[in-house]
Amino acid sequence: MEKNEAIQIVIEAVKGYIDDENVPVNAETVLLGNNAVVDSIGLVNLIVDIESALAEKDIEVTLTSEDAMSRRKSPFRSVDTLSDYIIELSA
Amino acid sequence: MYIDFIIERFKESLDKEAVIWNNSVYDYRYLLDKYEFWLDFLKENTQPGSVVAVRADYNPDSISLMLALIENGNIFVPFSFANKDIEEKIQSAEVEHYIKFDKEGNFQFIDTEIKANHQLIEELRQRKHPGVIVFSSGSTGKPKAALHDYTHLLNKFKVQRATLRTVTFLLFDHWGGINTLLYILSNTGVIGVPDVRSPEEVCEFIERYKIELLPTTPTFINLILISKAYLKHDISSLKVVSYGTEMMPESTLKAFNKLFPKITLKQTYGLTELGVMRTKSESNDSLWVKVGGEDYETKVVDNVLFIKAKTSILGYLNAPSPFDDEGWYNTGDRVEQKGEYIRFLGRENDIINVGGQKVFPAEVESVLMQIDNINEATVFGKSNPIMGNVVAAKIILDKEEPLNRLKSKIRKYCKNKLEAYKVPVHIEITEKTKVSERFKKVRG
C-alpha cells in the first residue's frame, strides 16, 4: 500500500469519528497524549474503524497487537505514525 | 460530633499539604476554613437527616462540603459531571436539596420540593446517623440507590494509619473514591487531583508532585503502557499501584511488574453494597488474592463468591433488598479457590465491563431501538486489547442501509443519550436474532 493511501484511510476515519469540521485533520494530527484530538475510548473506536476500512480493501490486520503495545514508541502517536504502522503490517 | 476525630487531626496539621488541585497546593488550614463555611451553610439551609445531593468534581470546596455533610448529619448523594440521568436519580434517591456546582466552582442551591420519607431513610434518621446514597448498577440496568450508614465507614478510620501521597482521578460519585478520600483525610495525608485524566497528564502529575500511590484500573495501566507516558515522565516516586473494578489481564500485570519491579501492585475488591475490603495478593504478579478483613465473612457456593459484611448497606431505595435471610450477598463474581486465596474469573451474567465501567446490554439496546430504521438490536461485549471489552451490536434493519451511514447515525443519536463508553464500537448488520432454546436472546 502507498503511504498516501494509508494516510487517507486514517484521516477519513479520524474525521468520521470526531465529526467536527472545525477540527483540521492531517498527517500531523496527534492521536495520543495531551494534544490528541480523541480520548482513549475515541482511540479505541478509531482503531476499530480503521481495521474495518482496511478489511473492505481485503487487508486483514490487527492494529492492537502485543507488538504494537510493547514497542518503545507507540505507533498510535499520530496519523503519520499510524499510517506507517498500517503499511508495515499490510506489507 | 461524627467526625470530631478527623477535625482534631486537621487542627494538629494546619500547615500540612492536603489537596493538590488546579496547579495549587491547599493545606489543612484552608480545608478547615472551607469546612466551617460549609457547616454553617448547611446548618442554615438544611435539617440533619435531610437528603442533599452534590454535583461536583473533587476540589477543596467539594471535599470540605462532603465532610460538613457528615458532621451535619445529612444524607449525602454524590453526582459527577459524567452523570447524564441526574433528574431520574434525584427522584429515586428522594433528594431534598441539590447543590449544583459548575466547572468553574460556582454553585447553586436548589430546593427540589421532594419530601424524603422512605422507610430506610427514616430508619437511618432514627439512628441519628449521617448517610450516603450511591448508585449501583443492578442486573436490570436501572441504577439502584444504595443507602449506607456513614458511621460504619468512619469507624474504619478511627485507628490512625500511615498514608501515601495519593493521586485520585476517580469521579466524585464513585464509592471507592469516597473511601480513598476519607482514608487520606482521616490520616491527614495528601490527595492530588489531576486536571485531565489521561495517561500523559497523570504521569506528569505523579512526577511533579512525587505521588506515591496510584489507585487505578487495569485499563488505565494498559493505557499507560501503550502511551509510553512513563518514558517522558519519571514516575519512580510511586510505591504502590492498586487496581480493581474489572478483570486484570495477566499479561498486563506481568508487563507492568517487569517494567517496574519496585512498585507494589495491589488488587482491591469493593462493592457498592458492601464497602471496600482489604485484600492481600499472593505476590506482585499474581492474581490470587485473599479477600476480607475483620468485618467480612466470605463463602464460595458453586464457584460464586458470597459475602456477609458489617458495613453493608441498609438497602436500596428503589429495589428489593439484595441480601438473603442470613445477610449474605451474592456478588455474582465467579471465582476459583486455592486454600485461602481466590482468583476472579469474571461475571456471572451479561454485563460488559468497558475499562472498569459497567454496561448493561439492555440499556444500550433500548436506546438503539429508538433509532429510525432499526428493528432489533442485540448488544454484547467484544474483547478489546485496550479496554478489556468494548460494546458491540448486531442490528436488524427495516430497509437496507449502508453500514457506514448506519454507524454514524448510531453514534450521533447515542451521543446525548449514553455515556461515551456505552456507545457501540462494533456494528454488524444481520438478518435475524439468535435465540436460545429457552427463547432468550443470545448475546455475542
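Predicted model: local features only at pLDDT ≥ 70, side-chain atom pairs only at ≥ 80, totals over all residues.

Q: What does B:V52 touch, leaving out residues up to four places away in sequence?

A: B:V52 touches B:T46, B:L69, B:N74, B:I75, B:F76, B:V77, B:E96, B:H97 and B:I99. B:V77 is also one of the core residues with the most contacts.

Q: And what's in the second core?

A: That one is separate and has 44 residues, including A:A6 and A:L43 from chain A and B:I374 and B:A377 from chain B.

Q: Back to α3(B). How does α2(B) cross it?

A: α2(B) covers residues 28-45, and the two axes come within 8 Å and cross at roughly 50°. At that angle α2(B) and α3(B) are therefore oblique to each other, and the crossing is right-handed.

Q: Which residues meet there?

A: From α2(B) you have B:Y30, B:L31, B:K34, B:Y35, B:W38, B:L39 and B:L42. They meet B:P60, B:D61, B:I63, B:S64, B:L65, B:L67, B:A68, B:L69 and B:E71 of α3(B). By class, that's 12 nonpolar, one polar and three charged.

Q: Switching to chain A: at what angle do α1(A) and α2(A) cross?

A: Roughly 130°, with the axes of α1(A), residues 3-18, and α2(A) coming within 9 Å. So α1(A) and α2(A) are oblique to each other as well, and their crossing is right-handed. The contact uses A:I9, A:V10, A:A13, A:V14, A:G16 and A:Y17 on α1(A), and A:G42, A:N45, A:L46, A:D49, A:I50, A:A53 and A:L54 on α2(A).

Q: How many residues does each chain put into the contact between A and B?

A: Chain A puts in 14 residues and chain B 18. On the chain A side, helix α2 (residues 40-56) gives the most, with five residues. That side has five nonpolar, seven polar and two charged residues.

Q: Is B:K128 buried or exposed?

A: Exposed: 12 other C-beta atoms lie within 10 Å of B:K128, and 12 or fewer counts as exposed.

Q: Where does B:N303 sit?

A: B:N303 is in the chain B loop between β17 (296-301) and β18 (304-309). Its phi is positive too, about 70°, and B:N303 is not a glycine. B:N303 is partly exposed, because it has 13 other C-beta atoms within 10 Å.

Q: Last one: which residues does B:G244 touch, again skipping those up to four places away in sequence?

A: B:G176, B:Q267, B:T268, B:Y269 and B:G270. B:G244 is in the loop between β12 (240-243) and α11 (250-259) of chain B, and it is buried, with 20 other C-beta atoms within 10 Å. B:G244 and B:G356 are 112 residues apart in sequence, and their C-alpha atoms are 7.9 Å apart in space.

Conventions
Residues numbered from 1 in each chain as written. Chains lettered and ligands numbered in written order. Contact = placed C-beta atoms within 7 Å. Helix = DSSP H or I, 4+ residues; strand = E, 2+ residues; numbered from the N terminus. Nonpolar A, V, L, I, M, F, W, Y, C, P; charged D, E, K, R; others polar. Axes fitted to C-alpha atoms, helices over the stretch in contact; angles between N-to-C directions. Parallel < 35°, antiparallel > 145°, perpendicular 65-115°, else oblique. Left-handed = near helix turned anticlockwise from the far one by under 90°. Core = buried A, V, L, I, M, F, W, Y, C linked by C-beta atoms within 7 Å.
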